[in-house]
Amino acid sequence: MGSSSKEETATDADTSSGDTPPSNSNLFSEGERVLAYHGPRIYEAKVQKAELRKKEWKYFVHYLGWNKNWDEWVGADRLMKHTEENVIKQQALDKKQGVDKSSKSGRSAQTKPKSSADAKADKEDLKNTVAKGKKRKSDSGVEKDNSSMEKLVKIQIPSTLKKQLVDDWEFVTQQDKLVKLPRSPNVDDILTKYLEYRSKKDGTMTDSIGEILKGIRCYFDKALPVMLLYKKERQQYQDVVLDDVSPSTIYGAEHLLRLFVKFPELLAYVNIEEETLTRLQQKLMDFLKFLQKNQSTFFLSAYDGSRGSEGKGKGKDD
C-alpha cells in the first residue's frame, strides 16, 4: 500500500484527525498496526511502545517500510485505527496531494514511485517543521529520560527553502545527480557574507553573532559525514574531503540547508537555558531568511550527473 497524504499544512497536523480521544484513555496498544500523520501525509505505522505521560498517552511508532531513524514518540491525535474506512481516506488524500504536487513541480503524480519520492522528500524537511515542533508543543517537560529531546528548538524553514530540500532530494536520489564540488560560494563564504550583512544592518559586529556562526560551521563540519549525506554522495565525499580539509570549504548552501533540518535534534543534547535557546532560535531563523533572500545565488538550480548508485540511509528499507 502506498504512503498517503493529508491536505492540511504541517502546523495543523495536531488537530487534523478529527476524532482525538480523551487524554487519559489508551486508544492504541503495543504491537498494533495503525495509520499515523506525519506532516501533510498519512503513513502506515506500528506502535512499539505506549506510555502514560502527564496524564496523556504517548506512543513510540515505527513507520512501516522506513528507516528506524524516523521512529518517534507521538500523541494519540497523530494516530488513527487501521480500518478500511481510514485506509480509503489515506488513499484519497494521497491521490489529491499527488495532483496538487504535479501541478507545481511538473513531475508525474499518478505513479507509485512519485508518491513514494514525495513522501520521503516531505519527511526530509517536515522532520523539522512537524515532528520536532509538534513534539516540543505536545510533550514538553516529560520524563527525565526524554527531557533533553523535549527542549527541541523549533525552526520553521521558509516554504521556498522547503521546495529546495525537495528538489535536492530528487536530484540526488531519483535522478542520480550530485552537487558539483567544490561549491562557490562555500559554507564559509556564506557565513562570512551573513556576518557582513548583519554588521551593516546592525551597525556593529556583535560577538554573539560571530560565536553562533562559528558554532554553525563546527556543527556542519562534524555533522556532514555523519548525517547530512545521502549514500549516493558518500563516495564523492571520500574523493574531495582529504586530510585536514574542512567540509565547510568544499560544500555549499545545498548541504548547509540540510543541517538546519537536523539542528533541532542536535541542539536537544546541549545544556542551554531556555532564554538562550529562544535567542538562538531567532538567530537561526534570521540566517534562514538570509539564505532565502539569496537563494538564487547561493543554491544550484541543477546538479551534475552522478557516479554513485547506492540508496539513501533515511529512505525506504527493503
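Reply: Here are a few terms, each set against its definition. The model is predicted, so local features need pLDDT of at least 70 and side-chain atom pairs count only at pLDDT 80 or more, while totals for chains, interfaces and linings use all residues. Residues are numbered from 1 along each chain as its sequence is written, and side-chain values use heavy atoms, with hydrogens and water left out.

Me: Why is Q295 called buried?

Reply: Buried means under 20% relative accessible area, exposed over 50%, and partly exposed in between (1.4 Å probe, protein chains only). Q295 has 16% relative accessibility, and therefore counts as buried.

Me: What makes K54 count as exposed?

Reply: K54 has 62% relative accessibility, which is why K54 counts as exposed. K54 also has a positive phi of about 50°, although it is not a glycine.

Me: Why is D176 called partly exposed?

Reply: D176 has 31% relative accessibility and so falls in the partly exposed class. D176, too, is not a glycine, and its phi is positive at about 55°.

Me: What makes the link between the side chains of Q295 and Q164 a polar contact?

Reply: A polar contact is a pair of N or O atoms within 3.5 Å; within protein, one must be able to donate a hydrogen and the other to accept it, and residues adjacent in sequence count only if both atoms are side-chain atoms. The side chains of Q295 and Q164 are joined at 2.8 Å, and this is listed as a polar contact.
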